There are 4 protein chains.
Amino acid sequence: MAGGAAGQEREALLNAGERVLNFDWPMIRVGTGEYADGPTGVTVFHFADKVLGAVDVRGGAPGTVNTEYLKLGYDLPEVDAVVFAGGSWYGLEAATAVASAMKEDGLRDGNAFSAEPNIALSVGSIIYDFGARRLNEVVPDKRLAQAAFRAARPGWFPQGAQGAGRMAMSGYFFGCNAMSGQGGAFREINGIKVAAFTVVNAIGVVTGRDGSVLACNRDPEWPAGVDTAQLLARTNGPEGIGSTVADPAGTNKNTTVSLVITNQKLSPAELNRLAVQVHTSMGRGLQPFATQFDGDVLYAVSTAEIEEPVLTSAEIGALASEVMWDAIIASVPEQPRHPEPRPGLKLDRGLLKQYAGRYEFSPNVSLEVTYRDGALHARATGLRDVFAIGRDRAITLTPVNETEFTVGNRYPLTLRFQPDGPLVINPGHWQQVSRRRLPM
Amino acid sequence: MAGGAAGQEREALLNAGERVLNFDWPMIRVGTGEYADGPTGVTVFHFADKVLGAVDVRGGAPGTVNTEYLKLGYDLPEVDAVVFAGGSWYGLEAATAVASAMKEDGLRDGNAFSAEPNIALSVGSIIYDFGARRLNEVVPDKRLAQAAFRAARPGWFPQGAQGAGRMAMSGYFFGCNAMSGQGGAFREINGIKVAAFTVVNAIGVVTGRDGSVLACNRDPEWPAGVDTAQLLARTNGPEGIGSTVADPAGTNKNTTVSLVITNQKLSPAELNRLAVQVHTSMGRGLQPFATQFDGDVLYAVSTAEIEEPVLTSAEIGALASEVMWDAIIASVPEQPRHPEPRPGLKLDRGLLKQYAGRYEFSPNVSLEVTYRDGALHARATGLRDVFAIGRDRAITLTPVNETEFTVGNRYPLTLRFQPDGPLVINPGHWQQVSRRRLPM
Amino acid sequence: MAGGAAGQEREALLNAGERVLNFDWPMIRVGTGEYADGPTGVTVFHFADKVLGAVDVRGGAPGTVNTEYLKLGYDLPEVDAVVFAGGSWYGLEAATAVASAMKEDGLRDGNAFSAEPNIALSVGSIIYDFGARRLNEVVPDKRLAQAAFRAARPGWFPQGAQGAGRMAMSGYFFGCNAMSGQGGAFREINGIKVAAFTVVNAIGVVTGRDGSVLACNRDPEWPAGVDTAQLLARTNGPEGIGSTVADPAGTNKNTTVSLVITNQKLSPAELNRLAVQVHTSMGRGLQPFATQFDGDVLYAVSTAEIEEPVLTSAEIGALASEVMWDAIIASVPEQPRHPEPRPGLKLDRGLLKQYAGRYEFSPNVSLEVTYRDGALHARATGLRDVFAIGRDRAITLTPVNETEFTVGNRYPLTLRFQPDGPLVINPGHWQQVSRRRLPM
Amino acid sequence: MAGGAAGQEREALLNAGERVLNFDWPMIRVGTGEYADGPTGVTVFHFADKVLGAVDVRGGAPGTVNTEYLKLGYDLPEVDAVVFAGGSWYGLEAATAVASAMKEDGLRDGNAFSAEPNIALSVGSIIYDFGARRLNEVVPDKRLAQAAFRAARPGWFPQGAQGAGRMAMSGYFFGCNAMSGQGGAFREINGIKVAAFTVVNAIGVVTGRDGSVLACNRDPEWPAGVDTAQLLARTNGPEGIGSTVADPAGTNKNTTVSLVITNQKLSPAELNRLAVQVHTSMGRGLQPFATQFDGDVLYAVSTAEIEEPVLTSAEIGALASEVMWDAIIASVPEQPRHPEPRPGLKLDRGLLKQYAGRYEFSPNVSLEVTYRDGALHARATGLRDVFAIGRDRAITLTPVNETEFTVGNRYPLTLRFQPDGPLVINPGHWQQVSRRRLPM
């Protein structure tokens with residue numbers, strides 16, 4: 001279901017999503033919030049009790065709250081929540097808002113009443129999810145994060161383009177520009193539980209255990225069935241590198257943020273080792289990974305529900321790395337379909353003229369659609385391009401059916417008109433809705 | 001004067017303070033916000049252009065936003081603001097809120113319109129300023145921080161217990177428990193400008209260049225004129241250590257957060273060296289410093305207005321260390337006076353009875369004042385003590401004058417009654433105001 | 001052929017190895033030294049000019065020299081050499097010895113003669129290559145490292161169990177205990193050169209791009225053609241984890257040390273990003289990787305021969321990651337063959353009696369071989385087991401041919417006797433040679 | 001008296017020094033080695049049992065062995081020795097040599113015989129002690145370090161210019177160029193022992209608790225009794241900074257390396273906090289400290305002999321910081337006296353002519369002394385100046401007595417001739433001895 005500003009405030013979609021991971025672990029409570037008119041979102045992991053946390057910061061453009069404290073190695077469960085959000089650095093407001101909510105709701109206070117630590121410790125990281133990938137700069141905020149926190153419930157996680165992964169993308173390195181999302185996975189072996197969660201917004205391509213590319217708008221010139229190893233081999237060929245990675249539109253900002261949790265009690269040193277090992281292992285499911293243009297951060301948590309050691313940190317790490325790979329795979333949402341124009345379709349001139357007009361997506365992004373010579377033509381008129389439709393000259397729209405048009409391109413692009421209504425670009429989960437201005 | 005909730009919302013005091021540092025540096029804009037009914041506050045340093053930043057995390061209990069990014073050594077001015085706040089980890093909301101304000105106000109956006117970085121980068125750290133030191137858990141929030149940001153103006157900084165330093169304290173290590181604050185200083189030599197700012201909430205004692213203790217509720221048994229070296233020598237004596245540092249009330253949480261700025265262009269490596277050198281030098285003005293129970297963080301910024309090197313990083317560091325020591329000294333506010341009971345003062349029984357009643361400071365902190373045998377007696381009735389007035393038994397109040405009473409103690413404690421009004425504890429800058437409940 | 005102490009001093013084998021990578025890059029000079037009677041060794045990378053270096057320490061048990069300096073981000077070429085060695089922490093003597101050699105040879109001095117840095121900067125790391133994997137504690141030392149340094153020559157690298165990789169092993173996590181080594185690879189694209197070198201002593205298994213296990217003494221119960229993904233799946237099965245990773249013999253010490261070099265000039269921040277990206281990518285070729293029981297360290301170097309940027313750090317990183325995977329694959333040496341006893345072989349009693357005796361491998365490791373009932377029996381008599389031959393009871397040796405015997409085991413074990421000579425265990429590249437003591 | 005090459009090998013002075021700290025702590029064994037003809041040296045701290053270690057790297061030019069391992073926070077006593085040495089990065093050979101010696105001597109082996117860690121862990125750091133401060137590049141080496149290790153004995157530490165501090169200097173920032181050394185101090189309070197050791201080679205000036213400058217060749221123009229605060233104030237004055245810090249001769253390389261030890265068991269996190277706190281506190285006794293031109297490193301060790309906590313890390317830190325300040329003060333050696341020429345002294349022409357000649361201090365450093373016009377004249381003829389005697393023109397020597405001459409200078413400089421013997425510059429503890437070449 002779609003958003004749009006209803007009345008004063010933007011509507012917050014809570015715990016949305018059809019594809020859900022269920023797991024038996026009351027300690028882990030998950031809530032998500034989304035603003036559909038970004039879209040963008042936030043995912044809150046709230047632990048029923050304070051837990052021990054560690055962090056591994058690996059990427060070249062991280063945004064973080066409270067990582068420093070996690071590095072000091074205290075053997076004290078202090079972490080209440082891990083928060084992931086879209087919105088780049090602006091989304092860090094979500095992480096701080098969850099701590100505030102815990103205080104407002106009386107779960108934590110100011111440490112006034114006991115010698116025990118009772119200040120909420122909320123840590124978190126963000127992904128970059130705007131720029132050229134959408135036509136507005138809506139970001140998750142305090143209000144959305146607190147709503148998500150309050151909607152959290154145990155043993156549940158929505159897979160795909162939900163929560164913080166609502167507008168995630170992947171594969172920019174190869175020009176894939178696939179839609180991405182958040183993924184989770186869980187295993188229990190001999191009483192040891194491991195859960196892994198990740199918001200995949202990687203410059204790399206999501207790769208299956210057989211090496212297959214799991215999400216990509218493939219270059220039509222690629223051979224059929226190209227896998228990640230072949231893509232990398234091509235990239236490294238004499239003409240390969242540099243051809244697809246140029247970044248004129250400033251979209252070259254990526255980040256994968258992750259969380260791994262075990263119920264075995266680990267020392268701070270062991271938990272830190274677990275974080276490093278699992279984070280490193282993610283270079284298998286995301287290729288390349290941890291580049292300068294990613295801001296990868298992984299949090300590791302031990303709930304310490306199992307106090308006696310069953311596995312070494314390396315064993316939990318190997319297990320958790322497999323679970324994390326499952327989570328990476330689970331993050332891939334169903335991709336938008338490519339519009340297929342009906343051959344020979346001729347639309348009525350009167351209908352086309354009704355579609356002509358000026359459509360505004362956000363203060364600086366507008367599209368001007370004109371009728372001329374039996375066809376619709378579109379040109380971006382604001383400060384930015386509208387995806388493949390540039391600002392320098394009008395481009396002819398190809399009709400797909402009576403209401404939908406497209407522009408031939410590697411990437412799916414659908415413009416759906418309504419005679420008296422807004423223009424919706426890429427109708428569906430990631431749609432961009434415009435307001436109609438005065439007709440030309 | 002001071003706040004209390006006016007209508008719906010808490011009143012935000014902006015840019016308050018009498019003692020002000022003025023300096024000629026348009027790049028540095030400072031704004032402060034305070035909630036008097038904490039009290040607590042926030043200080044925002046907003047740079048007119050993006051600047052290069054570095055960070056040195058030194059203490060054992062830091063709270064931080066976006067320090068990780070500063071550590072990667074990119075030679076790119078990215079920092080928009082440094083934010084310091086009270087409220088412990090809750091106060092980090094202030095740091096994230098300033099970035100949001102920059103976006104809301106159109107100063108920064110989502111990097112959509114250019115290849116240049118145009119996402120607001122707000123970094124920040126917090127001090128612990130509640131617990132046993134006040135009777136409520138009011139903390140700085142998004143609203144206060146954004147108001148302070150919008151009130152920022154160049155070349156100006158309020159000294160003492162203002163902004164983020166509104167409820168700072170110092171010297172807990174020696175039982176000083178002095179009121180503290182924020183300090184700033186500035187020097188310009190041969191065109192090189194250096195400014196230093198610090199919010200001193202140190203477990204250590206503020207020390208002058210001659211070794212003198214600059215803020216302390218001294219132990220009556222200490223010899224007159226005791227200096228820091230002597231205090232440390234005593235501490236280390238056979239009975240010394242451990243006697244004053246026990247922490248039954250959970251107040252043993254401290255942090256000094258600092259900022260040093262130069263206008264000479266420095267490389268990322270040099271700027272990092274500057275941060276380390278200046279932070280280390282603060283161990284002179286604050287003794288001890290950088291303990292496990294401090295969360296010390298220092299940010300270093302180069303505005304790069306002077307592009308040609310004039311001084312080495314070590315020279316700027318030596319200069320900035322002296323400026324920082326000036327800032328530490330400037331942070332000390334005028335201390336509250338010790339109440340001096342008038343000898344032989346006898347108050348009218350009727351008046352005393354009017355003062356009896358139940359006073360609530362916050363949901364969990366209340367004081368019950370009763371009349372008995374010609375005197376007032378007080379007992380804390382909530383979950384916490386009311387400073388020196390405990391919960392286990394009533395304590396007799398000593399009249400200071402017709403409206404004020406005290407309890408004999410190393411630390412100043414004044415209770416000011418009004419026949420029909422609230423009880424105010426320690427009237428003045430750090431006062432705690434109660435609501436009066438039904439009389440007994 | 002192999003060493004043994006000749007006269008006073010152990011023989012140093014320099015630049016040994018049949019399988020060689022040749023590459024066109026005069027800046028990179030490589031020399032290796034080996035003590036065959038360990039065996040153990042050292043590999044020296046000496047740069048013709050000082051180069052910029054960065055380091056990524058990832059594993060849980062590193063041994064390092066001078067990594068701290070590389071982290072400070074100075075934009076100054078300072079590194080002269082990267083040294084890898086066996087011998088665990090003892091092998092660090094090799095890294096410091098190379099700097100000494102540069103001074104002794106007059107390549108560097110004490111910075112006395114110019115304002116330019118002229119002190120040799122040799123950095124390095126080690127692998128663990130003794131313990132249960134061989135019967136002595138011979139380690140690389142100053143003498144061996146200096147000899148290797150002086151034997152260095154450009155554009156050349158010996159692949160497999162040579163140099164620092166002379167006694168490397170891999171795959172302990174799955175019980176593979178395969179012989180391993182050092183690998184190198186090189187590519188040049190559009191003038192950008194990338195070389196990668198690694199000494200693979202990983203707890204993980206060496207994995208090809210198709211997921212295949214490239215070196216492993218496979219468990220006979222494993223299905224044919226098992227690949228790494230299946231091994232990990234088994235490991236994580238209900239009974240899997242923990243069964244093979246127990247470490248009674250203290251062999252659970254591993255480390256992969258690596259070096260990546262590019263000729264494009266990179267800033268310190270970019271070079272650091274390159275190190276992180278490539279190191280992370282190695283989790284594909286080594287699974288698991290970067291565990292608590294590895295001490296993984298990767299150095300990254302820019303020779304800055306190409307001053308104008310051609311590729312981004314992420315692109316060089318992707319390229320270098322592929323080159324590094326090639327290097328990992330190239331590290332695998334030809335594995336020792338499993339001895340195949342000739343069915344029905346009966347050896348002469350007189351011959352067998354000539355083999356009986358006490359064989360000493362090192363002061364604390366001895367084997368007692370006795371004749372009884374038509375067969376040879378062996379028992380370890382020192383402080384340690386002799387591979388599969390324990391100290392608690394004698395085990396019957398199975399004849400392979402007239403001079404060789406074996407013990408049925410997952411791992412190849414060959415004992416070659418000579419009537420009047422020493423017993424050699426696993427004759428060949430990793431052989432263990434004993435001295436014969438008085439017969440029983 | 002001092003060394004010089006005796007026969008083949010340089011003489012190693014072991015455990016030299018008159019001024020000694022004695023303390024009751026069998027766990028701490030100290031040995032020193034010196035080459036007088038540098039001079040330079042090494043100091044070895046060998047712990048009777050393995051201990052828990054932490055490290056704080058603070059300076060801008062460190063040289064280190066095995067610091068990475070100490071940062072991982074394992075709660076396992078692993079450290080055998082801390083080694084400090086002169087020789088800049090070349091001196092790191094000393095640190096690795098001590099581990100080798102422990103293996104050679106059978107104290108540690110290759111972990112072959114037990115599951116317990118039994119590999120020697122020797123960590124260490126170096127100071128820069130050559131360049132313009134002496135006329136040769138003799139450095140501590142494996143042989144010297146192993147001899148010092150084997151000479152180590154408990155409860156003993158030589159103060160001043162001994163061991164690693166043999167050629168240390170301090171105060172370069174203010175042009176002091178004072179001779180420095182190593183210092184140690186010890187206290188025991190309520191059963192808690194704290195020892196601190198430091199090799200002071202700081203760019204800053206050694207400062208007493210009253211602010212006094214403890215070692216400096218003062219500028220004749222400074223007011224009498226100038227203290228550190230005044231020096232810093234001058235430095236920061238309009239003309240101050242930069243005037244004394246220029247570094248034409250490349251001497252601007254400094255480093256203070258330190259060790260703090262307590263017998264109370266601390267967790268890894270607490271021990272790390274202790275390291276940070278004590279290191280920071282050293283900014284009081286050395287001003288400035290931790291600059292880009294220092295390579296400061298501090299190791300912290302807990303012997304865990306007292307298992308029950310008596311003090312917090314902050315308390316031990318405050319205590320240890322005072323002990324460290326004592327150690328800094330104790331490091332100051334008796335300074336060389338300034339030669340005072342006897343007024344009106346006229347030396348016999350024949351005697352002077354006997355002194356004329358060419359004197360070689362090391363391959364690249366020579367002094368040519370000629371007789372002309374009733375006086376001696378000297379000029380450096382090698383690649384470097386000979387302290388204040390440059391290479392561009394001859395300078396007249398002023399006779400002090402029959403055998404000693406000087407050159408007017410802020411810094412003491414004495415040339416002692418012998419008719420048929422070598423020229424000794426600055427005879428005494430830091431003397432530079434030449435070989436006499438053919439007379440002119």
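This is a predicted model: local features need pLDDT of at least 70, side-chain atom pairs count only at pLDDT 80 or more; totals for chains, interfaces and linings use all residues.

Colleague: What percentage of the interface residues of chain B are also interface residues in chain D?

Modeller: Residues are numbered from 1 along each chain as its sequence is written, while chains are lettered from A and ligands numbered from 1 in the order in which they are written. Contact here means that the C-beta atoms of two residues, placed from the backbone, lie within 7 Å. The copies B and D meet through the same surface, because the share of chain B interface residues that are also interface residues in chain D is 100%.

Colleague: By what turn can chain B be laid on chain D?

Modeller: Two copies of a chain are related by a rotation about an axis and a shift along it. Copies are superposed by least squares on the C-alpha atoms of residues with pLDDT of at least 70 in both. For chain B on chain D, the RMSD is 0.0 Å and the shift along the axis is 0.0 Å, with a turn of 180°.

Colleague: What kind of axis relates chain C to chain A?

Modeller: Chain C is superposed on chain A by a rotation of 180° with 0.0 Å of shift along its axis, and the RMSD is 0.0 Å. That is the relation of a two-fold axis.

Colleague: Are helix 5 of chain B and helix 5 of chain D roughly parallel or roughly perpendicular?

Modeller: Helices are DSSP runs (H or I, at least four residues; strands are E, at least two), numbered from the N terminus. The two axes, lines fitted to C-alpha atoms over the stretch in contact, come within 7 Å and cross at roughly 70°, with angles running from 0 to 180 degrees between N-to-C directions. Under 35 degrees counts as roughly parallel, over 145 as roughly antiparallel, 65 to 115 as roughly perpendicular and the rest as oblique. So helix 5 of chain B and helix 5 of chain D are roughly perpendicular.

Colleague: How many of the residues of strand 17 of chain A are buried?

Modeller: A residue is buried if 20 or more other C-beta atoms lie within 10 Å of its own, exposed if 12 or fewer, and partly exposed in between, with C-beta atoms placed from the backbone. Both faces of strand 17 of chain A are covered, with A:Leu259 among the buried residues on one side and A:Val260 among those on the other. The strand is largely enclosed by the rest of the structure, because the number of its residues that are buried is ten of the ten.

Colleague: Which residue of strand 17 of chain A is the bridge partner of A:Phe197?

Modeller: Two strands pair if DSSP finds at least two bridges between them. Strand 15 of chain A runs antiparallel to strand 17 of chain A, joined by eight bridges. In strand 17, the partner of A:Phe197 is A:Leu259.
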